[in-house]
Amino acid sequence: MIFDHIALSSKNIDETINWYIENLNASVLYQDETWGLVSVGGIKIAFVIKSQHPSHVCFEVDDSYIDQYLSNKIFKEHRDESSSCYVKDIDGNHIEFLKWPKKNG
């Protein structure tokens, strides 16, 4: 398991990303109307629309981790071919577990 990103809620993805560019010298990794991803100080920050995704911390996991700890969870496919599931910790904070497809070759 490795850290992948944090996700923060945004009322307006474009305005939020512009703020991070102007104030934190962020580099844009991806942006559309409902989701954005920037890099700041070597950390990836996703900006999400609250109605689509909760604010969360995300960890990338492999099949062995999923088999041991998340075998009862359903992973949802994403537009970038990754898949993930969310769980809540004991305080109600969301944690996303992200899996990338295996590469052939």
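Mentor: Let us begin with tyrosine 69, which is partly exposed, with a relative accessible area of 48%. Buried means under 20% relative accessible area, exposed over 50%, and partly exposed in between (1.4 Å probe, protein chains only). Please note that this is a predicted model: local features need pLDDT of at least 70, side-chain atom pairs count only at pLDDT 80 or more, and totals for chains, interfaces and linings use all residues. Residues are numbered from 1 along each chain as its sequence is written, and side-chain values use heavy atoms, with hydrogens and water left out.

Trainee: How is a pair of aromatic rings described?

Mentor: One gives the distance of the centres and the angle of the planes. Rings of Phe, Tyr and Trp (its six-membered ring) pair if their centres lie within 6.5 Å; planes under 30 degrees apart count as stacked, over 60 as edge-to-face and the rest as tilted. By this rule the count comes to 6 aromatic pairs. Tyrosine 65 and tyrosine 69 form a tilted one, at 4.6 Å centre to centre with 40 degrees between the planes.

Trainee: Where do tyrosine 65 and tyrosine 69 lie?

Mentor: Both belong to helix 2 (residues 63-69), 4 residues apart, about one turn of the helix. Helices (H or I, at least four residues) and strands (E, at least two) are DSSP runs, numbered from the N terminus. Tyrosine 65 is buried, with a relative accessible area of 18%. Elsewhere, ring pairs link Trp19, Tyr20 and Phe47 into a cluster.

Trainee: How do the strands of a sheet pair?

Mentor: They pair through backbone hydrogen bonds, either parallel or antiparallel. Two strands count as paired if DSSP finds at least two bridges between them. Here, an open sheet of 8 strands has the order 2-3-4-1-5-8-7-6, with mixed pairing. Strand 2 (27-31) and strand 6 (76-77) stand at the edges, each with a single partner strand, so one side of each is left without a neighbour in the sheet.

Trainee: How many bridges join strand 2 to strand 3?

Mentor: There are 4 bridges between strand 2 and strand 3 (residues 35-40), which run antiparallel. A hairpin of 3 residues connects strand 2 to strand 3. In strand 3, valine 38 is the bridge partner of valine 28, and serine 39 is that of serine 27.

Trainee: Is threonine 16 buried or exposed?

Mentor: Threonine 16, in helix 1, is buried, with a relative accessible area of 19%. Leaving aside residues up to four places away in sequence, threonine 16 touches Ser10 and Phe47, where contact means heavy atoms within 4.5 Å.
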